[in-house]
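Could you walk me through a protein model, one feature at a time? I would like to learn how to read each kind of feature and then see a case.

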Amino acid sequence: MHFDANSSATTTPTTPSNRLPENQSPPPIQWPEDGTLTLDWVLNLMSSFDWSSRNLSPPDLPSILPVPAFDKLILCGSKMLHKEPNCVRIDDVSADSKVVVVGDVHGQLHDVLFLLNDAGLPSDNRIFVFNGDYVDRGAWGFETFVLLLAWKIYLPNRVYLLRGNHESKYCTSVYGFEKEVMTKYGGQGKHVYRKCLGCFEGLPLTTVIAGRVYTAHGGLFRSMTSPPSKRHKGKKKNRKISVNNEGTSDEKLSLGSFEELSKARRSVLDPPWEGSNLIPGDILWSDPSLTPGLSPNTERGIGLLWGPDCTENFLKKFNLKLIIRSHEGPDAREKRKGLGGMDQGYTIDHNVESGKLITLFSAPDYPQFQATEERYKNKGAYIVLEPPNFDTPSFHSFEAVLPRPKANPYYNFEEVLDSDEELDLSSMVSAP
């Protein structure tokens, strides 16, 4: 299927043809003796995770992916990711290449399996860029991240995994991933969780595709020559962090450069918005605005808000045509006046002279667990970029794979706020 940049068609999920019969238990995954993954190995991992999610209780997952095999996979993937730069340049594209960009997936394994099959599996001429937030909220964050990491190991120059704000110690302790891993791996859960956190530290922050398209989880970032915003460690009554905006007027904040981005320190679990971690904090947490200018994101207490003028300046300065970011699902967007909702899985937030800014969200019927009876029932979407310039987005919306296998939540979704916009980030800053 192909849709032009001004259209969006919905794909209805179907049952994968390679699904294992319910009465056919797959053997435990073994790491290859020579350490080289094959397509068959990765496809077997996909079908095994699908089967286990439908037929096993969570604590039985080690019978499918034993800890020794996990250890080998996470070590291989971590080494690979840590060697990549903060901004990965994807220039190895040709006349027969396609680039698939994916937004937040949040542990919705079955939707990820559908997306991979619907878009076409990663291959020599089909490149995937994932924009972060693989874990939390959904019940299969561990399987989702491990599966995508396996694809990365198998095709390191055709699969790119970026970091999202949920790939952090703080968010995973609040939104379920830590408890999910502890439930699934029991006495070895702390070990498995620590290995995942170490891998998260290595995830790159951004890509530039064919010299024309910038992708990041949250978005743009400030120049380090700008005075950093001051902060207090105290909390507001509404659980937002207190931010002192003194000395952070629009005139004193300016957009950063790729040179500054290349020097930023990303290998921290919970980047505060200061010092060498300022740029990663912006990239993971910032949001677009319809108000011109660049300002601190006081709603989140971390990162920036940037207007259409900033999008225009960034695109023009770096000769880009398109920004694709993620970070905002339907729960966040319903609180953002003027910006489009996430019912189709994407929005075009800024349409300026030099190009466009798009928010892309790939978790349909999100969140999996919801306190209210009325669900958002949003569609997910992915974007396909094609030759010759790879800067004209084709939107592919898709519905959720329903019914999902029965699962219990790993966080108190009735008490935890729906949106990241009001997280208690002060504890993230002060945490050791």
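This is a predicted model: local features need pLDDT of at least 70, side-chain atom pairs count only at pLDDT 80 or more; totals for chains, interfaces and linings use all residues.

Q: How many helices and strands does the chain have?
A: Helices (H or I, at least four residues) and strands (E, at least two) are DSSP runs, numbered from the N terminus. Here the chain has 12 helices and 17 strands.

Q: What share of the chain is made up of buried residues?
A: Buried means under 20% relative accessible area, exposed means over 50%, and partly exposed is in between (1.4 Å probe, protein chains only). Of the 432 residues in the chain, 60% are buried. In helix 10 (residues 308-317), the buried residues are Cys310, Thr311, Glu312, Phe314 and Leu315.

Q: Which residues touch the most other members of the largest nonpolar core?
A: A nonpolar core is a set of buried Ala, Val, Leu, Ile, Met, Phe, Trp, Tyr and Cys residues joined through side-chain atoms within 4.5 Å. The largest one has 68 residues, and Phe142 and Leu147 touch the most other members. Helix 4 supplies the largest share of this core, nine residues. Leaving aside residues up to four places away in sequence, Leu147 touches Val42, Leu45, Met46, Phe49, Leu109, Leu113 and Leu116, where contact means heavy atoms within 4.5 Å. Apart from this core lies another, of 29 residues, including Phe221 and Leu253.

Q: How many salt bridges are there in the whole structure?
A: Side chains of opposite charge can pair when their charged atoms come close. The rule used is a side-chain nitrogen of Lys or Arg within 4 Å of a carboxyl oxygen of Asp or Glu, and a search of the whole structure finds 18 such salt bridges.
One of them joins the side chains of Arg158 and Asp92 (3.1 Å, N to O). Arg158 lies in the loop between helix 4 (141-154) and strand 5 (159-161), and Asp92 in the loop between strand 2 (87-90) and strand 3 (98-102), so the pair ties together parts that are 66 residues apart in sequence. Arg158 is buried at 12% relative accessibility, whereas Asp92 is exposed at 53%.

Q: Which residue meets Lys98 in a salt bridge?
A: The partner is Glu386, at 3.4 Å from N to O. Lys98 belongs to strand 3 and Glu386 to the loop between strand 16 (380-385) and strand 17 (394-398), 288 residues apart. Lys98 is partly exposed, at 34% relative accessibility.

Q: Are Arg404 and Asp365 buried or exposed?
A: Both are buried, and their side chains meet in a salt bridge (3.3 Å, N to O).

Q: How do helix 2 and helix 7 cross?
A: Axes are lines fitted to C-alpha atoms, for helices over the stretch in contact, and angles run from 0 to 180 degrees between N-to-C directions. The axes of helix 2 (residues 67-82) and helix 7 (residues 189-202) come within 8 Å and cross at roughly 15°. Residues in the contact include Phe70 and Ile74 of helix 2 and Val192 and Cys196 of helix 7.

Q: Which peptide bonds are cis, and where is phi positive?
A: Most residues other than glycine have a negative phi, and most peptide bonds are trans. Here the bond from Pro387 to Pro388 is cis, with omega near 5°, and a cis bond also joins Leu402 and Pro403, with omega about -5°. Arg137 has a positive phi of about 70° and is buried, with a relative accessible area of 5%. Phe390 has a positive phi of about 60° and is found in the loop between strand 16 and strand 17.

Notes. Residues are numbered from 1 along each chain as its sequence is written. Side-chain values use heavy atoms; hydrogens and water are left out.
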